[in-house]
Amino acid sequence: MRRGKPTCHIAFDEATAILAGDGLQAFAFELLAHDKSIEVSAQYRLQMITALAKASGSLGMVGGQAIDLESVGKMLTLPELENMHIHKTGALIRASVILATFAKENADEEAIKRLDNYAKCIGLSFQVKDDILDEESDTATSVSYTHLTLPTNREV
């Protein structure tokens with residue numbers, strides 16, 4: 001259950017859920033490559049596509065999910081747990097912020113570094129809260145992520 005509703009693989013089946021995810025991911029790459037409303041040079045489009053590919057693949061969400069699957073029934077250390085969380089959905093949240101910085105050509109490098117660190121903290125917070133809710137909430141509870149506790153400016 002997610003936010004009180006059956007997840008895609010429960011509402012339909014696992015194969016349909018996987019295909020839906022694959023289709024949406026392919027569509028994201030198509031939009032980055034061809035959407036005319038994204039007014040950046042080919043060089044910046046390539047950087048955006050590369051950032052999304054990295055965040056989606058073995059160095060991002062797929063890698064984090066692989067760590068999660070291998071960790072079932074094991075006690076992870078805090079650094080191992082943080083590494084897993086940063087790479088799961090957190091990597092995609094982080095990529096969404098970085099993609100926005102590429103939409104402004106010649107953005108300030110220091111500002112990009114600060115935004116990247118902030119997004120990393122948001123992604124980590126999201127993933128930790130998601131895992132806690134998986135363990136503690138009942139499936140009938142409607143969950144809202146609008147109440148995430150985000151790091152303060154000093155922590156970023």
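Two residues are said to be in contact when heavy atoms of theirs lie within 4.5 Å. In this predicted model, and leaving aside its neighbours within four places in sequence, K88 is in contact with G60, M61, G64, Q65, D68, Q127 and D131. K88 is found in the loop between α5 (78-87) and α6, and it counts as buried because its relative accessible area of 6% falls under the 20% cut-off.

N106 also has its place in a loop, here between α6 (89-102) and α7 (109-136). N106 is exposed, because its relative accessible area of 66% is over the 50% that the term requires. Most residues other than glycine have a negative phi, whereas the phi of N106 is positive, near 65°.

The two residues can be set side by side:

| Residue | Relative accessible area | State |
|---|---|---|
| K88 | 6% | buried |
| N106 | 66% | exposed |

Of its 156 residues, 27% count as buried, and the accessible surface comes to about 10600 Å², of which 59% belongs to carbon and sulfur atoms. Among contacts between residues at least 6 apart in sequence, 60% join residues at least 24 apart.

The mean pLDDT of the protein chain is 85, and 87% of its residues reach 70 or more. Over residues 142-156, however, the pLDDT is below 50, and this stretch has 25 contacts in the model beyond near neighbours in sequence.

Notes. Residues numbered from 1 in each chain as written. Predicted model: local features only at pLDDT ≥ 70, side-chain atom pairs only at ≥ 80, totals over all residues. Heavy atoms only, no water. Helix = DSSP H or I, 4+ residues; strand = E, 2+ residues; numbered from the N terminus. Buried < 20%, exposed > 50% of the residue type's maximum accessible area, 1.4 Å probe, protein only. pLDDT = per-residue confidence, 0-100. Areas by Shrake-Rupley, 256 points an atom, 1.4 Å probe, with all protein chains shown as cover.
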